[in-house]
Amino acid sequence: MNVSLTKELERVIEEKVKSGLYNNSSEVVRDALRRAFCEPETLDLEKDTPELAALIREGVNSRHTKHRKGDLRKLAARVRRQLGR
């Protein structure tokens with residue numbers, strides 16, 4: 001999975017890794033997502049993780065399309081039909 005981040009969010013994630021609390025950027029993102037989705041009642045995004053709150057707002061307001069299971073297969077089949085394969 002690839003996720004596009006703003007330069008500011010990349011900087012924040014790099015700072016978290018440099019702090020020594022995380023080994024790499026993936027750990028930072030996984031921890032933030034776990035906190036947001038697995039412990040929502042104990043987390044105040046704006047207060048506890050403003051960086052994650054900004055990331056979520058950005059994602060909600062983005063032009064990206066949510067995909068459902070099977071969408072990729074349907075797209076591949078359509079491309080094959082167009083190519084005559």
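Author: A pocket is an open set of points on a 1 Å grid over the protein atoms alone, where a 1.4 Å probe fits and protein lies on both sides within 12 Å along at least five of seven lines. Its volume is the space filled by probe spheres set on the points, which are joined across faces, edges and corners. The second largest pocket here has a volume of about 260 Å³. The model is predicted, so local features need pLDDT of at least 70 and side-chain atom pairs count only at pLDDT 80 or more, while totals for chains, interfaces and linings use all residues. Residues are numbered from 1 along each chain as its sequence is written, and side-chain values use heavy atoms, with hydrogens and water left out.

Reader: What makes a residue part of the lining of the second largest pocket, and which are closest to its centre?

Author: A lining residue has an atom within 4 Å of a grid point. For the second largest pocket, 15 residues meet that test, and Lys16, Val28, Ala32, Thr49 and Glu51 are the closest to its centre.

Reader: Which helix gives the most to the lining of the second largest pocket?

Author: Helices are DSSP runs (H or I, at least four residues), numbered from the N terminus. α2 gives the most, with five residues. α1 (7–18), α2 and α4 each supply at least two.

Reader: How do you know how many residues of the second largest pocket's lining are nonpolar, polar or charged?

Author: By residue type. Ala, Val, Leu, Ile, Met, Phe, Trp, Tyr, Cys and Pro count as nonpolar; Asp, Glu, Lys and Arg as charged; the others, Gly among them, as polar. That gives nine nonpolar, one polar and five charged residues.

Reader: What is the volume of the largest pocket, and what lines it?

Author: Its volume is about 790 Å³. Of the 20 residues that line the largest pocket, Val3, Ser4, Leu5, Leu55 and Gly59 are the closest to its centre. α2 (25–38) and α4 (50–60) each supply at least two residues of this lining. By class, the lining of the largest pocket has 11 nonpolar, seven polar and two charged residues.

Reader: Why is α1 called roughly perpendicular to α2?

Author: Axes are lines fitted to C-alpha atoms, for helices over the stretch in contact, and angles run from 0 to 180 degrees between N-to-C directions. The axes of α1 and α2 come within 9 Å and cross at roughly 105°. Roughly perpendicular covers 65 to 115 degrees, so α1 is roughly perpendicular to α2.

Reader: Which residues make the contact of α1 with α2?

Author: Contact means heavy atoms within 4.5 Å. α1 brings Ile13, Lys16 and Val17; α2 brings Ser25, Val28 and Val29. By class, this contact of α1 with α2 has four nonpolar, one polar and one charged residues.

Reader: Why does Lys18 count as exposed?

Author: The limit for exposed is over 50% relative accessible area; buried is under 20%, and partly exposed lies in between (1.4 Å probe, protein chains only). Lys18 has 71% relative accessibility, so Lys18 counts as exposed. Lys18 lies in helix α1. Lys18 and Ala76 are 58 residues apart in sequence and 41 Å apart in space, C-alpha to C-alpha.

Reader: What makes Glu8 partly exposed?

Author: A relative accessible area of 44%, so Glu8 falls in the partly exposed range. Glu8 is found in helix α1.

Reader: Where is Asn24, and why is Asn24 called partly exposed?

Author: Asn24 sits in the loop between α1 and α2. Its relative accessible area is 32%, so Asn24 is partly exposed. Leaving aside neighbours within four places in sequence, Asn24 is in contact with Val17 and Arg30.

Conventions: Angles under 35 degrees count as roughly parallel, over 145 as roughly antiparallel, 65 to 115 as roughly perpendicular and the rest as oblique.
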